[in-house]
Amino acid sequence: MAIRGHGHLLSARYLLLQFTDSANGKAYLAELEPLITTATERKPDVARQLAFTYSGLQFLQLPERTLGSFSREFREGMTEAHRQFILGDFGEHSPDNWDWGNNPSEIHLLLMLFAEGEEDLQQLVDQELTRASAYGVKHQVSLPTAMLHDQKEHFGFRDDISRPIISELVKDKELGTTPTFPAGEFIMGYKNLYDEYAPSPLVEETQQGAEVLSGHPDLPGLVDLGRNGTYLVFRQLKQEVFLFWEYLKSQSSSMEDSIALASKMVGRWPDGSPLVLCPFKNDPSLAQANNFGYWDEDRDGMKCPIGAHIRRTNPRDHLVTETSKKDSTEMVAKHLMLRKGRPYGNPVSKGMVLNEILAAEDDGEDRGLHFICMVTDIRRQFEFVQNNWVNFHKFGGSEEDADPLIGNHYQEGSVVTDRFSIPRYPVRRRLENLPNFVQVRGGGYFFFPGKKALQFISKYHED
Ligand code: HEM
């Protein structure tokens, strides 16, 4: 299964590669396949994982019917006009301004390399680039990563706290009230929330090489190329850390106020404690708290604004368009994602100390988040969230707001969403003229194959 993020391997690099010859490309994959790390390997010293773009699979000449069985979003790619519209990638976010991914045919493969330290990583990268070049596989882009102190992202907030728990993987029966979700929401080959096998790419069982793949339980004559794989959504998001804190300072009278206001935008305090559980002050004992809702605690958003980043991206039991806690919980469950990204670039403060971040001068360096999420349905999960919750100006009854942290507030031909409403008694507070704090610099949709699928892809050739 594709579910490990290799958190113990602190160094990682993502390489974007392009095949130049289909037969050589497959020979390369056949050599690499035994080295690909599987989820069953506990704490390896180094890890390699790979994922394909649709143009990569086309280049390898997979059977036409198999290519056609991938989802429309994956086949079209992130920069196709309709997808661009759904994602709100206009203006500053437009693929025309990206550093990579704007020409999907140039990127066929994402090779993700992980090691314990930078030296080991460099060795691994050199080794893999030598291997690739021996098969004529072109190195297009190299994306460095940098884990920040204390599990933080560059603005200074703890990240990677909330993550859907997969029912099939829960051994601990003590989980009690913690909600769990079926594997098929995140990994192909398993049942999803609709009690159906997640939509998956398929191969005819008579196809040469298909014997390594498992039969599809519901579709006789077809084998499942997706099993134990998933779709991987990748967005390189540049973070304007100085702009973020300058803006907050301009809206508040003290450093404490700036931090409180920024926390309203995120929905958690910098240490991770959720505003809905401790609205007035952070509580370190709640830094990893994730079993909470909004319906009973905070329907009006007085504690955690309805438009805060974590409340837009996962409204939990209180989606304002739903009329009950149960309906909301069920609706929201269909739009979750397994996040696996890593930050990149030097932190403004090595120890991620907020006083230092707030006091620092703009150094003009490029830093941000390689946002990665895994989903079995790109449209229903990632794109839905981005379209209906992150960028939608009427989300939660607002009129001109979008996600204050990651929203694209200035899209030509669309409503300007440069406001952030903070419910407050007796009158709400409204921030105005929000700049974009995040900019998309690249991205793509990838297919992350299970081991057997990779064997099939590397060995398949037309009769
Ligand atoms: C540079 C860009 C981003 C930054 C700095 C950022 C930051 C954060 C932070 C600090 C948290 C709270 C920690 C946690 O709950 O795990 C969070 C949660 C989350 N973010 Fe982001 N994020 C970014 C981009 C995105 C994008 C593009 C999406 C998806 C469209 C997204 C979806 C989520 C989700 C689903 C959660 C968990 C919410 C919950 O379950 O309560 N984030 N993010």
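**Reading the ligand site and a helix crossing**

Author: Let us start with one residue. H309 lies in helix 9, residues 309–313. Keep in mind that this is a predicted model.

Reader: Which protein atom is the donor to the iron atom of the ligand?

Author: For a metal, look for N, O and S atoms within 2.8 Å. Here the iron atom has a single donor from the protein, NE2 of H309, 2.1 Å away. The side chain of H309 also places an N or O atom 2.9 Å from a nitrogen atom of the ligand.

Reader: How many residues surround the ligand, and which are the closest?

Author: There are 26, with I161, S162, H309, R316 and R339 the closest. By class, the shell holds 13 nonpolar, six polar and seven charged residues. Helix 9 gives the largest share, three residues. Strand 9, helix 9, strand 12 and helix 12 each supply at least two.

Reader: Now the helix pair: how do helix 7 and helix 8 cross?

Author: For a pair of helices, take the axes, then the handedness, then the residues. The axes of helix 7 (residues 241–250) and helix 8 (residues 255–266) come within 9 Å and cross at roughly 115°. The crossing is right-handed. Among the contact residues are F244 and W245 of helix 7 and I259 and M265 of helix 8. Eight nonpolar, one polar and one charged residues make up this contact.

Conventions:
Residues numbered from 1 in each chain as written. Predicted model: local features only at pLDDT ≥ 70, side-chain atom pairs only at ≥ 80, totals over all residues. Heavy atoms only, no water. Axes fitted to C-alpha atoms, helices over the stretch in contact; angles between N-to-C directions. Helix = DSSP H or I, 4+ residues; strand = E, 2+ residues; numbered from the N terminus. Left-handed = near helix turned anticlockwise from the far one by under 90°. Contact = heavy atoms within 4.5 Å. Nonpolar A, V, L, I, M, F, W, Y, C, P; charged D, E, K, R; others polar. Donors = N, O, S within 2.8 Å, 3.2 Å for Na, K, Ca; no water. Near = heavy atom within 4 Å. Polar contact = N/O pair within 3.5 Å; in protein donor to acceptor, adjacent residues only side chain to side chain.
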